[in-house]
Amino acid sequence: MKNKKLLLLFPFLLVSILSYSQKKWTLKECVNHALKNNLQVKINEYNVQVAEKDVKSNKANFLPSLSASTGGNLSTGSTFDPVTQNRTPNTTLFGGSLGVVSSYTVFNGFRNLNTYKQAKLGVKRSKLDLEVIENDIALRVVNTYLNVLFAKENLDVAKTQAEVSKKQIERAQTQFDTGSIPKGDLLNIKSTAANDAQNVVVQENTLNIALLNLSQLLQVSYEGFDVEKIEIDSPSAALLYSSSNEVYEKALKTRPEIDRAKLNIENSDFAIEIAKSGYYPTVGASLSANTNYRYILDPSIPTGQIFEQLNGNLGYSLGFNVSVPIFNGFRNDANVERSKIQKLIAEENLEIEKLSLKQTIEQAFLDAKAAAKTFEAATISLDSQKEAFNNAQASYEYGAMTRFDYDQVRNRLVNAESTLIRAKFDYVFKTKVLKFYYGEDILD
């Protein structure tokens, strides 16, 4: 009965497995999966959690501390009274003490406050670090995804050419059998077909490698892995921005690298204030309660109940302390000066980030414009080569063109198709990079 149930379930399991293996990943699914499972992303997420714990730890500096203590000792011996010249009997004593103390930092030059604010900045910085990593991974996935589509289209072209060559062999064989063409032409056609078939194998291997690279980037199994195609429109100047400066001004407000550099300057300000706190006095207060007891380990000598002793010996104290820095070898001066230099470095780093961003966007802008023009030119070239090939094919069939000239025209067509495919995906990626810096969605 159990085996019968398994046999009934088997077709459904098989359908589920086949459905999963035939799944085609969209670009958005690939990026989302990578961001969710990438190890670098997970590490940076943990870093955010660590920074949040630092805030909690520094917040605790505003609260008083409370601790309890206890101790005990066992002693034995006798004492000598110099007045009476008598020695007391040997006595064994057990005694102990109990205490509770609470201390609080009243003032320490605003060190606790500035350290707390600095810790909160640390959380923001960790989140910006995470965003930078996520952006880098998203671009890598988009580029790798487009490489797969590029390989797919190259494979389609190779298969089409191989199929054309295969049909030409059949036609040439018939012509050779009727004596219309010499054997050399038939052999040349077969040689071309063999090269086209070999190119199909090369392009299949290229596609497999591209799929493997993407699956490894996503950390999923390569078996049955495939992606959806993206519909790519013809390039248009309307898709480009008016200038690179337009993109740069927008990027200054959105890029996490810039925000992180600004946070570093703000963090340096707090570091200076923390260093300056060494010039201020430190004021602390404490409150404590203490008691003790003693027990003589001799039944003949009464010592009273321990709880009565604890209550009777209970005492309280309230105290404060003030520490005023006078001279510490100019360490405070050095700390403040060092912090001010660190701020100057942070300010220069911000300018470096801005310059790097501007140069990157300028290059991306020119690349996108050039890719669009190259795409347009490749489209026009392919249309021309198709027309030339159709004419050459008609001339060859009527015997007005040699096989060598016909192959030359055919090769130019193949090259034009490959050039268009390359130009198309180069255009798609570079325009997505430009959109990425402008803050637009690049997953559509």
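The tour covers aromatic pairs, charges over rings and a helix packing.

This is a predicted model, in which local features need pLDDT of at least 70 and side-chain atom pairs count only at pLDDT 80 or more, while totals for chains, interfaces and linings use all residues. Residues are numbered from 1 along each chain as its sequence is written, and side-chain values use heavy atoms, with hydrogens and water left out.

**Stop 1: Trp25 and Phe225**

The structure holds 10 aromatic pairs; rings of Phe, Tyr and Trp (its six-membered ring) pair if their centres lie within 6.5 Å, and planes under 30 degrees apart count as stacked, over 60 as edge-to-face and the rest as tilted. Select Trp25 and Phe225, a tilted pair with 5.9 Å from centre to centre and 50° between the planes. Trp25 belongs to strand 1 (residues 24-25) and Phe225 to the loop between helix 5 (183-218) and strand 6 (226-227), so the pair ties together parts that are 200 residues apart in sequence. Helices (H or I, at least four residues) and strands (E, at least two) are DSSP runs, numbered from the N terminus.

Buried means under 20% relative accessible area, exposed over 50%, and partly exposed in between (1.4 Å probe, protein chains only).

A charge sits over a ring if NZ of Lys or CZ of Arg is within 6 Å of the ring centre and within 35 degrees of the ring normal.

**Stop 2: Lys250 and Tyr438**

Select Lys250 next; its charged end sits over the ring of Tyr438, 4.3 Å from the centre.

**Stop 3: Phe107, Phe110 and Tyr280**

These three residues, Phe107, Phe110 and Tyr280, form one aromatic cluster. Phe107 is partly exposed at 25% relative accessibility, and Tyr280 is partly exposed at 41%. Phe107 and Tyr280 pair edge-to-face, with 6.1 Å between centres and 85° between the planes. Phe107 lies in strand 5 (residues 91-107) and Tyr280 in the loop between helix 7 (256-276) and strand 7 (282-296), so this pair ties together parts that are 173 residues apart in sequence.

**Stop 4: helix 4 and helix 7**

Finally, select helix 4 (residues 111-177) together with helix 7: their axes are 9 Å apart and the packing angle is about 165°. Axes are lines fitted to C-alpha atoms, for helices over the stretch in contact, and angles run from 0 to 180 degrees between N-to-C directions.
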